[in-house]
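Terms are given their cut-offs where they are first used.

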Amino acid sequence: MRWGRYDEAGTRLARSLALAERYGLSGHLDSIAATRAHLDWFTGTWTGLADRTTQLLDDDSGVRLKDRCEAALVAGLVRACGGEREEAGELLRFAARDDQQRFEAAAALARLALRDGDVDEALRLTEEPAAITVDGGIWPRAVEVAPVRVSALLAADRDADAARLAAAFARAVGDRDAPAARASVITCRALLAEALGPAGDAEALFAEAAQAWGTLPRPYDVLLARERQARCLLVSGRQEAGVRMLSEVSRQLAELGARDDAARSALFLNARGWDARKARGRGRPSYGDQLSPRELAVTRLLARGRTNRQISEALTVSTQTVASQVKSAMRKLRVTSRTALAIRLVELGLVDEQTQPAAGDE
């Protein structure tokens, strides 16, 4: 999961749950549930996530501290996106009590500090995590830390330190098959380009970052990258495209559950005299011929040979929803069978090249 190999992580979790239930290993169920919630946070499956994590946080539930900390991390991230800053802060500080979660918790707290304009606090929160994860060689844990540390350094006018950190992170990741780390490296480079110019370079890098996050998929990070891309478009004078993209990002953030981020984008537009609703036009905008984050998640599992039922269980949606999204993906990619759809995904680079398409249609 920390490498960004979410399909594999989901498959292993499902197998873990089946084995634990089969052999009565109830002591593992809370760990599986907490990690499943964490994975669902990354992949944008946020419906019911707050309730699921709350059940694991009860002091009297008998849940082990490490699992409660992971649940608290996810609950804090969800509340931060919803604008519940105080509650989020408490949960994230609790999560930081566990060594497995403390770096991600520190990064989340630093993001809240930056949003409040407290650069010094963001620097304090990320200094040790960045040193341990990037300089200390624990690079999978730097995925969440590195971009916020780079942002804090840039906000403090420490451009050279920000560039050094981004370069060190990129060297540490190298050519490893770690999609989340690669997307994080691109995001760091985009942040540097945005601060140092020109805007056109930053816009292209944020677009690349959005694409990289989208292949995981990590919808929230896709939208954050597209938000920055839209702002670069506005800075470079491409106002119509920038306003349209930013207003659409605001809508999608709100739908995902990131109401605080959606409000930030809408306020940015409104403060400059642009009406987000008019820019989007009427009705529900679509992804055009591009796969939505959910369609991408469904079809990536399909390309690994999963049936509709297996996909529905992995993503916690109905089989009818899976069938509808498969049909929509087939229409968008202009194919007429599940096998052709799987092959097309491989051709587009949306799944691992080693993935074998499903053998036949369901």
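1. Terms and source. A residue is called buried under 20% relative accessible area, exposed over 50%, and partly exposed in between, with a 1.4 Å probe and protein chains only. The model is predicted: local features need pLDDT of at least 70 and side-chain atom pairs count only at pLDDT 80 or more, while totals for chains, interfaces and linings use all residues. Numbering starts from 1 along each chain as its sequence is written, and side-chain values use heavy atoms, with hydrogens and water left out.

2. Aromatic pairs. Both Trp-41 and Trp-46 are buried. Rings of Phe, Tyr and Trp (for Trp, the six-membered ring) are paired if their centres lie within 6.5 Å; planes under 30 degrees apart are stacked, over 60 edge-to-face, and the rest tilted. The structure holds five aromatic pairs. Trp-41 and Trp-46 form a stacked one, 4.6 Å centre to centre with 5° between the planes. Ring pairs also link Trp-41, Trp-46 and Tyr-220 into a cluster.

3. Charge over a ring. Which ring face does Arg-231 lie over? The ring is that of Phe-268, and Arg-231 is at 4.1 Å from its centre. The criterion is NZ of Lys or CZ of Arg within 6 Å of the ring centre and within 35 degrees of the ring normal.

4. Helices α8 and α9. Helices (H or I, at least four residues) and strands (E, at least two) are DSSP runs, numbered from the N terminus. Axes are lines fitted to C-alpha atoms, for helices over the stretch in contact, and angles run from 0 to 180 degrees between N-to-C directions. The axes of α8 (residues 142-155) and α9 (residues 159-173) come within 8 Å and cross at roughly 160°. That makes α8 roughly antiparallel to α9; the classes are roughly parallel under 35 degrees, roughly antiparallel over 145, roughly perpendicular from 65 to 115, and oblique for the rest. The crossing of α8 and α9 is left-handed, a term for a near helix turned anticlockwise from the far one by less than a right angle, with clockwise giving right-handed.

5. Contacts of α8 and α9. Contact means heavy atoms within 4.5 Å. On the α8 side the residues are Ala-142, Val-143, Ala-146, Arg-149, Val-150, Leu-153 and Leu-154; they meet Asp-159, Asp-161, Ala-162, Leu-165 and Phe-169 in α9.

6. Helices α16 and α17. For this pair the axes come within 10 Å and cross at roughly 130°, with α17 covering residues 308-315. The two helices are therefore oblique to each other, and α16 passes α17 in a right-handed crossing. Arg-294, Ala-297, Val-298, Leu-301 and Leu-302 in α16 meet Ile-311, Ala-314 and Leu-315 in α17.

7. Leu-302 belongs to α16 (residues 293-303) and counts as buried because its relative accessibility is 0%. Leaving aside residues up to four places away in sequence, Gln-325 touches Arg-294, Glu-295 and Val-298.

8. Backbone points to check. Most residues other than glycine have a negative phi, and most peptide bonds are trans. Where is the cis peptide bond? A cis bond joins Leu-216 and Pro-217, with omega about 0°; Pro-217 is in the loop between α11 (199-214) and α12 (219-235). Asp-157, not a glycine, has a positive phi of about 60°. Asp-157 sits in the loop between α8 and α9 and counts as exposed, at 67% relative accessibility. Arg-334 has a positive phi near 60°, lies in the loop between α18 and α19 (338-347), and is exposed at 66% relative accessibility.

9. Other positions. Is His-28 buried, partly exposed or exposed? At 45% relative accessibility, His-28 counts as partly exposed; its place is the loop between α1 (6-22) and α2 (29-43). His-28 and Leu-216 are 188 residues apart in sequence, and their C-alpha atoms are 26 Å apart. Glu-240 lies in α13 (residues 239-256) and is exposed at 62% relative accessibility. Glu-240 and Ala-230 are 10 residues apart in sequence and 10.0 Å apart, C-alpha to C-alpha.
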